[in-house]
Amino acid sequence: MVQRRKREKSRKRSRRGRIAVIAVGIVFALVIVPAGAIALFLSGLASTFDGQVDVLAKSDVFPNEKGRPAASSAGALNILVLASDSRGEVASVDAKETATGQRSDVMMLVHVEAERKRMQVMSIMRDSWVDVPGHGKAKINAALSWGGTALVVQTVEQLLDTRIDHVALIGFEGFEQMTDALGGVTVNVPAPFADGGYTFAEGRTEMDGKQALVFVRQRYAFADGDYQRVRNQQAFIRSLADRAISAGTLTNPAKLSEFVAAIARNLSVDPGFTAQRMVDIGLSLRDLRPSAVEYFTVPTTGTGMEGDESVIYLDALAVPALSTALRNDQVSEFLANRA
């Protein structure tokens, strides 16, 4: 009986490890690790994730099923990625205990096409002026504070009339820890600025974790504020993905273990990200290359004031078209038509 309990416990730990490992490839790298690399991840890193990744209760992640958009019948997937700038107040983001009371500073929707030939990573501006269910018009990042992850999902689903299939949350400190675990990342800085004792020149810049954290947080140094911050965040995530799947990481057991541990300490996922689910998604995307991943931002028309709040207005014509494109799995065509 004791041995059986030990085996069951071991299997449970292994399962949790696999969940987090594949989430690394799908959510945070945002380009899919080739099948051979997936096998490497799965074979040796379960213990790294033991007890570190939060698998959240469904009720903490998703709103009530009634009224939610239908899932894609063709097999397209939408993964909502949230990051909250706790600035050291919490070590990780837990949808139930630590997300309420905070505002989401990064909100990205990863759309995986049904045919698994392309993927789009869509940023939603944190100050977007939208309808938050039960609260009326407000900045979209207030939803996390008012109702936790479930209200964020409900707000995004209502905005885009598109179902969210999976959710992942991470604290900003996770960006710092992941960067250091990889030995730094080289980011193509879109616009120069200086902050926190660091100078970021335009072009390729090597960053350690502290620099990366300053880079993804800064918005006041730019004339267009959050617009540039979103571009910086997209540039950072692209660079993090490139370094994470580089040969220097995948063939270095110590670096790989440190990297995935940094993610695990700061990561929460919904219960639908089961091991088998993630493995299936990862394998189905094994031929996807970074060039097939498109980054963009929900279309807006500019900024304005609502009371004493500076807000961003979404494009009332483009958003419905985007919504249709998401439901019909034609986001790439939507982007081409706007180019």
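The legends below accompany an overview and close-up views of a predicted model.

**View 1. Overall make-up of the predicted protein.** Twelve helices and 15 strands make up the secondary structure of the protein, and 56% of its 339 residues count as buried. When contacts between residues at least 6 apart in sequence are considered, 71% of them join residues at least 24 apart. The accessible surface of the protein comes to about 14500 Å², and carbon and sulfur atoms account for 48% of that area.

**View 2. Aspartate 226 and its surroundings.** Aspartate 226 belongs to helix H7, which spans residues 226-244. Because its relative accessible area is 7%, below the 20% under which a residue counts as buried, aspartate 226 is classed as buried. Once residues up to four places away in sequence are set aside, aspartate 226 touches Met125, Arg126 and Asp127, together with Arg219 and Ile312.

View 3. In soluble globular proteins, nonpolar side chains tend to be buried together. Here the largest nonpolar core has 47 residues, and those with the most contacts inside it are Phe175, Met178, Phe215, Phe236 and Phe259. With neighbours within four places in sequence left aside, phenylalanine 175 is in contact with Ala83, Ile170, Val216 and Phe236.

How values were computed
Residues are numbered from 1 along each chain as its sequence is written. This is a predicted model: local features need pLDDT of at least 70, side-chain atom pairs count only at pLDDT 80 or more; totals for chains, interfaces and linings use all residues. Side-chain values use heavy atoms; hydrogens and water are left out. Helices (H or I, at least four residues) and strands (E, at least two) are DSSP runs, numbered from the N terminus. Buried means under 20% relative accessible area, exposed over 50%, partly exposed in between (1.4 Å probe, protein chains only). Contact means heavy atoms within 4.5 Å. A nonpolar core is a set of buried Ala, Val, Leu, Ile, Met, Phe, Trp, Tyr and Cys residues joined through side-chain atoms within 4.5 Å. Accessible areas come from the Shrake-Rupley method with a 1.4 Å probe; for residues, only the protein chains shown count as cover.
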